Each structure stands twice: as structure tokens, then as C-alpha cells.
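I opened my notebook to follow up the charged side chains of this model. My entries below keep to what I looked up.

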Amino acid sequence: MARGPSSPVFLERRSYRRRRMQDAQRVLPVLGMVLWMVPLLWPSGDEAGHVTMSAAISYVFGVWCVLIGLSFVLWRGLQRGADEGVDAAGDP
């Protein structure tokens with residue numbers, strides 16, 4: 001049977017974006033843990049091309065700042081969606 005033109009094929013744009021932002025917010029801690037583990041893969045000690053401890057600490061601090069910024073951006077986007085009348089579950 002063919003669908004009539006009145007039945008929507010896609011989700012509403014606002015609810016779709018809100019759900020993707022919620023998904024990104026859930027993945028953010030996992031991304032942070034993966035990025036914080038990267039210095040464990042760097043060569044250390046007397047090996048050629050080793051990374052200094054100060055560079056590793058700067059990297060970890062930079063990742064921390066980026067995670068804070070991303071979480072703020074996602075939070076603001078979700079707040080804006082809530083202010084426009086989209087409920088948290090996305091259901092009417």
C-alpha cells in the first residue's frame with residue numbers, strides 16, 4: 001500500500017537535531033577518556049622522539065578545556081530546543 005502525502009516520512013527537524021545533540025552529549029565522556037589515553041601511546045624515556053612530561057600535561061589540559069567547551073555548546077543547544085517547546089522525550 002502506498003502512503004498518503006499526509007504521513008511524514010522523516011522526523012521533524014528540531015526533534016531530530018535535539019536527539020543527535022543528546023547522543024553527542026552521551027558520547028562526550030567516552031571521547032574524553034579516549035583522548036586522555038593518547039599520551040599512554042607516546043614514546044617515553046630515552047627513546048628517539050620522546051614527548052616531554054610538560055607537553056603531555058599541556059595536551060591533557062587542552063583536551064579538558066575542549067571537553068568543557070563542547071559540553072557547554074551542547075548544553076546551550078539543548079536549552080534552546082527546550083525553550084522552543086520541544087519536550088525532553090520528543091513525544092507530543
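I began with Arg26 and Asp23, which both lie in helix α1, three residues apart, about one turn of the helix; helices here are DSSP runs of H or I with at least four residues, numbered from the N terminus. I worked on a predicted model, in which local features need pLDDT of at least 70 and side-chain atom pairs count only at pLDDT 80 or more, while totals for chains, interfaces and linings use all residues. Residues are numbered from 1 along each chain as its sequence is written, and side-chain values use heavy atoms, with hydrogens and water left out.

I then looked up the contact itself: Arg26 forms a salt bridge with Asp23, and their closest N and O atoms are 3.3 Å apart, the term meaning a side-chain nitrogen of Lys or Arg within 4 Å of a carboxyl oxygen of Asp or Glu. Salt bridges that share partners join Arg20, Asp23 and Arg26 into one network.

The structure holds two salt bridges.

Last, I checked exposure, where buried means under 20% relative accessible area, exposed over 50% and partly exposed in between, with a 1.4 Å probe and protein chains only. Arg26 counts as exposed because its relative accessibility is 58%, whereas Arg20 counts as partly exposed at 38% and Asp23 as partly exposed at 31%.

Note on methods:
Helices (H or I, at least four residues) and strands (E, at least two) are DSSP runs, numbered from the N terminus.
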